[in-house]
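Here are some exercises to work through with the model open beside you. Try each task before you read its solution.

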Amino acid sequence: MSKHRHYVTFLISLFICFQLSATLIPSKNSNLKNLSTGWELFLQKTPEQTFALVDSNFPADYTVTVPHEWNKEVFHFGIKQPETYGCYRYVCKNLNPDLTYALHTKESPGTACAVYVNRTIIANAGDPFSISTPYYTQNPYKYGTSHSKCVPLYCEFKPDENGNAEILFFVSNYYYRKGGLWDRVYLGQAKDVWHYNILTMVFYCIVIGSLIFVGLLNMVQFILNKKRSEYCFLGVASLAFALRIATAGYCSLGIFFPELTGELKIKLELVATWLVPISVIQLIFLIYPSKNRTVIFSFLKEKYLRYSLITIDFILGVLSLILPAWFTNRFTPYFQILLIIFSLYVIIFCISNLIKRQRYSLYNFLSFLTIAIGGFIDIIHQKSKEIIPIPTLPFFILAFVIIQIIMLAAIQNDIYKETIKGTNDLKILNEAYLRFVPKEFLQLLNKDSIIKTKLGDYSNIEMTIMFSKVQIQCAQADVSLQENFSIFNDYLKVISPIIKKYDGFVSKFLSGGFMALFPKSQLDAIRTALEIDDKIKLFNASEESKNYTITAWMGIHFGLMIIGTIGEENRLDDTVISDTVNTASRIESVCESLNKNIIISEAVHKKLLAERLNNLQINALEAIFVKGKEKPLQLYEITRKKQNESTKEENPE
């Protein structure tokens with residue numbers, strides 16, 4: 001269901017984009033007039049020369065429609081290169097003399113221009129006059145002083161008292177491979193033209209801002225996870241698209257950076273034509289690796305063909321940045337050919353992934369199909385603005401951004417689900433590990449997770465240790481191994497909560513017993529042993545004990561011990577090592593031999609002297625030699641006092 005919502009969102013967003021684009025195209029019923037026909041072209045004439053010719057009733061060199069590129073007229077005029085100058089003249093009649101009107105073009109013509117109305121200059125972009133002087137000798141093939149600028153033109157004027165306006169564009173082409181008045185000229189009341197200009201600028205800024213946001217978001221993703229290079233390439237492609245939109249069609253970059261020269265503008269505009277194909281194809285093949293695929297012949301690996309195209313495109317791109325603008329813009333046809341090849345390459349590969357039902361393949365197919373169509377239409381627009389009158393690439397790029405945002409949302413949603421699942425799995429795994437390695441053991445190692453433990457971790461700690469053994473006797477016959485195992489597990493289920501109740505934990509389950517540690521107090525171990533003994537006595541006195549009885553022996557000692565991890569890298573185990581452990585084990589064996597339920601060492605007894613032990617009966621035993629000790633151990637038996645012997649003082653529990 002979520003996938004269908006993404007598709008619906010895409011279609012709605014695409015519809016909104018094209019509805020918004022429709023508002024940027026003045027209709028026949030709008031207040032803006034498109035001055036397309038009736039322009040007079042005076043080649044290699046300055047404004048002063050043009051006005052003189054008009055006043056003398058000399059006809060123009062050509063009558064043209066706008067947008068117009070003058071290359072054919074220039075060559076027919078006998079000029080070998082389109083780098084020249086000329087004037088486009090148009091006369092508007094029947095205007096209201098009391099109203100303020102405005103002219104607007106999304107991109108200033110030529111590489112520099114000046115706008116005259118009624119023979120008064122009202123706007124200019126760059127310096128169009130230098131090329132018309134007799135002393136101009138600047139070589140367009142080399143770096144020199146820039147006279148060019150490219151910005152959206154908006155200029156207000158008032159018609160004369162008769163309602164006429166003689167409009168003249170003085171256009172100079174310093175380096176571009178095509179010259180002329182190459183964008184539509186709109187005329188209307190100032191408020192209407194200004195509204196249209198602002199609406200266009202806002203739309204372009206929204207597209208640029210969206211692309212920059214997506215680009216920076218992906219670059220941050222890459223910085224946070226440098227193994228995911230696809231985020232880097234998607235970020236680069238988005239930022240390059242933003243640069244393209246900011247410089248082509250409606251050169252909004254020229255508004256925010258007034259010092260931007262025409263030469264630099266054309267270099268920045270072309271960055272997307274070579275950097276985007278490289279980034280996109282790298283992105284695709286990072287998401288869907290293809291190391292051994294061949295093309296036509298078995299020896300011709302696809303990656304060699306791809307790397308060759310990338311290398312050619314990159315070299316041309318770097319040269320376009322280094323060489324003067326005269327060379328840069330003449331690389332455009334080659335970039336367009338490579339763009340077509342890359343687009344076909346990506347679309348075919350996306351279709352292949354779509355057929356194979358690869359993950360996110362539909363998003364990739366839609367996004368790259370959209371941008372490929374936009375690229376083809378943009379090429380047609382660049383070649384003939386009569387067929388495609390407006391730059392449509394921003395609308396397709398905006399659709400591309402929307403699809404990418406939807407795809408990123410889908411990816412992030414899947415990542416979130418996988419993260420939640422991974423977290424739950426890790427939680428379950430940690431809980432499973434804690435059944436084998438107690439969390440209290442990890443705390444003593446100053447670790448908050450088992451995954452942070454490593455071989456050789458240890459701590460030196462003074463604490464109390466209890467060794468216990470259990471004997472299960474059946475009144476009628478010997479207890480089988482299976483029965484003994486089952487009864488022992490039932491016994492552990494009862495006594496384990498008692499150990500936890502007094503801040504202890506079972507470090508090891510032994511054959512017929514356990515080893516428990518009490519980090520906080522010796523009295524915790526005493527209380528645990530007494531309560532376990534009480535539970536056993538109650539059980540043995542109950543009806544359930546007719547089949548079998550339980551006897552538990554518990555030896556308690558206090559001292560310094562090392563707890564840590566041992567083993568090897570692929571197999572670790574927790575352990576407690578010290579003489580204290582061995583002594584506690586020996587004390588438990590004394591319990592068995594003397595048939596005493598609870599025996600403590602002298603070290604524990606000394607620690608208990610400061611406690612109030614009025615409810616306990618402590619009996620000193622004869623010093624006993626145990627295995628591994630040169631001197632005899634002084635041990636003590638602990639039991640509860642009988643009810644009539646106990647005092648009214650506070651119970652240690």
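**Exercise 1.** Decide whether methionine 219 is buried, partly exposed or exposed, and find its surroundings.

*Solution.* Step 1: the relative accessibility of methionine 219 is 21%, so the residue counts as partly exposed (buried means under 20% relative accessible area, exposed over 50%, partly exposed in between, with a 1.4 Å probe and protein chains only). This is a predicted model, in which local features need pLDDT of at least 70 and side-chain atom pairs count only at pLDDT 80 or more, while totals for chains, interfaces and linings use all residues. Residues are numbered from 1 along each chain as its sequence is written, and side-chain values use heavy atoms, with hydrogens and water left out.

Step 1: leaving aside residues up to four places away in sequence, list the contacts of methionine 219: Tyr231, Cys232, Gly235, Val236 and Leu239 (contact means heavy atoms within 4.5 Å).

Step 2: check the spacing to glutamate 230, which is 11 residues from methionine 219 in sequence and 9.7 Å from it in space, C-alpha to C-alpha.

**Exercise 2.** Work out the strand order of the open sheet of 6 strands.

*Solution.* Step 1: reading across, the order is 3-2-4-9-6-7, and the pairing is antiparallel (two strands pair if DSSP finds at least two bridges between them).

Step 1: strand 3 (62–64) and strand 7 (120–125) are the edges, each pairing on one side only.

Step 2: look at strand 4 (residues 85–92) and strand 9 (residues 165–172), an antiparallel pair joined by 8 bridges. Here tyrosine 90 stands opposite isoleucine 167 of strand 9.

**Exercise 3.** Which residues of helix 2 are buried, and what do they pack against?

*Solution.* Step 1: the buried residues in helix 2 are Pro47, Thr50, Phe51 and Val54.

Step 1: viewed down the axis of helix 2, these buried residues fall within an arc of 95°, so they line one face of the helix (the arc is that of the directions from the helix axis to the C-beta atoms).

Step 2: the partners of these buried residues are strand 2, strand 4, strand 6 and strand 9.

Definitions and conventions. Helix = DSSP H or I, 4+ residues; strand = E, 2+ residues; numbered from the N terminus.
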